[in-house]
Amino acid sequence: MANKQTKNPIDIKVKIDKLLDGDSSTKAFASATIGGAFAVHDIRITEKDDKVMVNMPFRSYKSGGETKYVDTFHPITADARTALYDAVKEAYEQALEEDMANLEREGSAMSQQM
């Protein structure tokens, strides 16, 4: 009997652990719970040329004097990768919107106190 893969919706919950300020390309770190069974931490969100990119957790090592990087977690299929990356990007965009709304509320409250 052949091993047949079926497209099942993947239950992915993402939490933005930290938003970063500054000029660095790294903008946030996230964690994801997949299928209620697996947790992935240290997902890095970067921006370059106005594109948001999702980077999986990795480890580095030296080989022949050169630093190499290997993902410690990564999706196997294109569908899984798309589902995870889309969930992370959506959570990041939502966190940015909430952060902006909080800053506007704080600014409004400070201007009312003056």
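This is a predicted model: local features need pLDDT of at least 70, side-chain atom pairs count only at pLDDT 80 or more; totals for chains, interfaces and linings use all residues.
**Entry 1: contacts.** I started with who touches whom: residues 24 or more positions apart account for 28% of the contacts in the chain with a separation of 6 or more. A contact here means heavy atoms within 4.5 Å.

Residues are numbered from 1 along each chain as its sequence is written, and side-chain values use heavy atoms, with hydrogens and water left out.

**Entry 2: layout.** I looked up the secondary structure and got 1 helix and 6 strands (DSSP runs numbered from the N terminus: helices are H or I with at least four residues, strands are E with at least two). Going along the sequence, I read β-β-β-β-β-β-α.

**Entry 3: surface.** Of the 114 residues in the chain, 21% are buried (under 20% relative accessible area; exposed is over 50%, partly exposed in between, with a 1.4 Å probe and protein chains only). The accessible surface is about 8900 Å², and carbon and sulfur atoms hold 49% of that (Shrake-Rupley method, 1.4 Å probe; for residues, only the protein chains shown count as cover).

**Entry 4: rings.** How many aromatic pairs does a search of the whole structure find? I got 1. Phenylalanine 58 and tyrosine 69 sit edge-to-face, 5.4 Å centre to centre with 80° between the planes (Phe, Tyr and Trp rings, six-membered for Trp, pair with centres within 6.5 Å; planes under 30 degrees apart are stacked, over 60 edge-to-face, the rest tilted). Phenylalanine 58 is in strand S5 (residues 58-63) and tyrosine 69 in strand S6 (residues 66-71), so the pair ties together parts 11 residues apart in sequence. I also checked cover: phenylalanine 58 is partly exposed at 39% relative accessible area, while tyrosine 69 is exposed at 57%.
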